Amino acid sequence: MTDAVVEVEGLSKRFGAILAVDGLGFSVGAGEIFGLVGPDGAGKTTTMRMLASVMRPDEGHVVVDGIDVLAHPEQTKRHVSYMPQRFGLYDDLTVDENIRFYADLFEVPAELWRQRAETLLAASDMTRFRTRLAGQLSGGMKQKLGLSCALVHTPRVLLLDEPTTGVDPLSRREFWQILYGLRAEGVAMVISTAYLDEAERCDRLALLHRGRLMYCDTPAGLKARMPGAMLEIASPEPRRLRDAVQGLPGVEGVLLVGIGAHVHVDDAAARLPQIAQALAAAGVETTRMETVAPTIEDLFVALLERGEKAS
Amino acid sequence: MFGRILQLLIKELLQFRRDRSARFRLLIPPVIQMLVFGYAATFEVFDVSTAILDQDRTQESRALTAAFVHSSRFRVTLSAATRQQLRDAVERSDAQVGLVIPPGFAELLRKGQTSPVQAVVDGTNSNTALIALGYVGQIAGTFGQDYAQDLARRTGRARGRPLVSVSLEERYWYNPNLNSRWFFVPGVIGSVLLITIVNLSAFAIVREREVGTLEQIMVTPIRPVEFLIGKTLPFFLIGLVEVAITTTVGMLWFQVPFRGSFLVLLAGTSLFLLCVLALGLLISTLCATQQQAFATNFFVLNPMFILSGFSFPIASMPEFLQWLTYLDPLRYFLVIIRATFLKGVGMEILWHQMLALAAIAFGLLAVAVLRFRKSLD
């Protein structure tokens with residue numbers, strides 16, 4: 001990609017015997033939301049910390065705007081913003097004082113940050129809490145304040161490490177509205193998330209597993225890579241359903257979902273009648289059975305299982 | 001650069017203003033320590049409870065007893081009738097000193113001979129025992145001398161040895177009345193400064209690490225050195241204010257004379273504060289939580305206090321520990337603050353101590369800054 005704002009190449013980090021991040025490479029363009037997904041311990045946070053230059057990689061490069069972050073950290077820091085799972089706020093300072101402090105560290109002129117703070121706080125519905133101490137805010141409000149602090153210097157790159165973990169759904173929606181606004185402004189964003197419905201909102205996704213990048217594509221592209229098909233079987237007894245289906249020929253995996261189960265098969269047309277027959281024989285009650293488009297969660301499980309088998 | 005340091009300084013003072021416990025830690029302990037040491041800590045020994053067993057029962061033995069009764073150093077609590085009574089009194093701690101005047105005490109004196117008196121001292125508190133014994137010797141000596149003089153005069157020098165004696169004219173310089181308060185109050189100023197500033201600065205930095213603001217600040221363009229300056233400068237200023245307050249209390253409330261120059265004290269305090277802040281910083285790089293910092297502070301500060309010469313004389317320590325005291329910045333600062341208070345000497349005498357403090361400050365700061373940079377990775 002020629003207009004890449006963030007370029008990552010051969011990034012590796014070792015903790016003792018464990019290779020936490022292994023030869024990671026990807027690039028993020030302006031106005032793109034790039035998602036990092038993977039199970040716990042996949043190396044998401046380590047990657048984020050290296051991108052933010054709070055951790056030194058053992059190998060590899062991170063280039064922001066054509067400037068090597070490791071060689072010239074002071075030059076790139078001005079354009080990058082990092083928001084960890086828990087943004088570091090001063091509980092004994094007010095909302096305004098926190099924003100002001102971070103604005104001052106980035107040497108944002110006073111009239112500029114005031115205007116910026118106004119907009120950011122309005123967007124996250126926080127204006128009426130400006131004089132409240134940060135320690136007295138709820139978890140969701142703290143994260144929104146963190147985001148305001150992280151954005152007060154108008155960064156070109158925003159790094160978000162599981163920013164919505166433990167945040168209520170309403171605040172999460174506001175949070176994403178702000179991110180979409182930033183995308184329109186051309187900010188490049190890297191976001192790691194444990195919520196797969198959030199992953200679906202990203203422009204592109206990187207699937208991490210044990211420090212390695214398994215797949216990297218748009219959500220639609222990733223779904224297209226899914227081999228076989230996904231059957232959704234609605235049933236009031238999903239556990240018995242799973243036991244009956246698992247191990248049948250052509251069944252790659254079974255994932256319990258709200259209404260029953262998603263069954264990953266190699267060929268929908270051939271396997272549908274076989275499964276129906278097996279369920280009838282086992283006496284499992286079903287109300288509906290059809291082919292559906294896979295969700296990111298299906299995909300995630302299917303791809304990781306395949307990756308597991310390959311390695 | 002200066003803008004960012006200034007902002008950090010403003011933020012720090014703002015937080016300090018809101019933090020009640022920090023203000024409490026700054027003001028209350030120094031005042032309490034000043035009062036405790038100013039009033040309670042004393043090496044002087046008064047009113048030692050004393051039991052006397054007079055087996056002689058003569059005019060002379062009664063005169064000796066009276067000398068003890070009238071001394072402000074001793075308080076005669078028991079006139080024992082038997083040795084057993086005297087022994088019991090010491091055992092029950094009713095008496096710290098037991099005095100036995102044996103039969104024949106007066107007879108020997110009248111012949112102009114040396115007459116023994118037994119003193120039993122409870123040695124549990126060795127310091128008090130030693131001092132009390134000194135006073136016993138003093139009173140007995142004076143009594144003996146007066147008696148011999150009197151005897152010689154009465155007998156036309158036939159008895160009582162001719163008096164050839166060296167008379168000691170004692171002059172205590174700088175503290176003529178040996179007032180222990182004069183010794184302790186300047187020391188308290190130094191040790192309280194050490195304890196409060198190490199605590200405040202170590203906690204302040206560890207808290208940033210614990211809450212996650214340290215990492216957040218490090219992704220901004222601020223440089224580690226700027227952060228450290230902005231973070232420690234407020235405590236430097238707070239330290240100076242604290243010395244000003246405690247010095248004022250010492251001079252006005254406890255009436256300890258200040259004979260030296262405030263500028264010399266300011267120079268010494270500044271160098272000492274650099275050491276103390278570096279120490280706080282160093283401790284903060286070793287600790288991830290404020291609780292750890294609290295425990296570490298305790299283990300570091302206690303030996304520093306004991307090795308400083310605050311109350312235990314360095315010259316009496318084993319050689320190995322004496323060498324160790326050279327690494328203790330409080331040792332040098334106590335010399336400086338006591339000398340500026342009581343002796344009134346200046347740089348021409350104290351430059352050794354100043355130089356030592358500067359060297360320790362430089363060493364500690366270098367290690368602390370290196371460790372701090374490393375701890376960021």
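Reply: In this predicted model, the part to look at is an open sheet of 4 strands in chain A, with the order β12-β13-β11-β14 and antiparallel pairing. The edges of the sheet are taken by β12 (251–257) and β14 (288–292) of chain A. Each of these two has a single partner strand, so one side of each is left without a neighbour in the sheet. On average, and with direction ignored, neighbouring strands of this sheet are turned by 20° against each other.

One residue pair can be picked out between them: V251(A) has V265(A) in β13(A) as its bridge partner.

Next come the helices. Helix α10 of chain A, residues 268–282, packs on the sheet and touches β11, β12, β13 and β14 of chain A. The direction of α10(A) makes about 30° with that of β11(A). Helix α9 of chain A, residues 238–245, lies across β11 (229–234), β12 and β13 of chain A. Relative to β12(A), helix α9(A) runs at about 175°.

Now the surroundings. Chain A is divided into domain 1, residues 4–222, and domain 2, residues 227–293. The C-alpha centres of these two domains of chain A lie 39 Å apart.

Over all chains, the count comes to 19 aromatic pairs. One of the pairs is in chain B: the ring centres of W173(B) and Y174(B) are 6.0 Å apart and the planes stand at 80°, so the pair is edge-to-face, the term for planes over 60 degrees apart. W173(B) is exposed, with a relative accessible area of 66%, whereas Y174(B) is partly exposed, at 37%. In chain A, one aromatic cluster is formed by F87(A), Y90(A), F101(A) and Y102(A).

Charged side chains also sit over rings. In chain A, R114(A) lies over the face of W113(A), 5.2 Å from the ring centre. In chain B, the charged end of R331(B) is placed over the ring of Y332(B), at 5.8 Å from its centre.

How values were computed:
Residues numbered from 1 in each chain as written. Chains lettered and ligands numbered in written order. Predicted model: local features only at pLDDT ≥ 70, side-chain atom pairs only at ≥ 80, totals over all residues. Heavy atoms only, no water. Pairing = 2+ DSSP bridges. Axes fitted to C-alpha atoms, helices over the stretch in contact; angles between N-to-C directions. Contact = heavy atoms within 4.5 Å. Domains from an automatic or database assignment. Phe/Tyr/Trp six-rings, centres within 6.5 Å; stacked < 30°, edge-to-face > 60°. Buried < 20%, exposed > 50% of the residue type's maximum accessible area, 1.4 Å probe, protein only. Lys NZ or Arg CZ within 6 Å of the ring centre and 35° of its normal.
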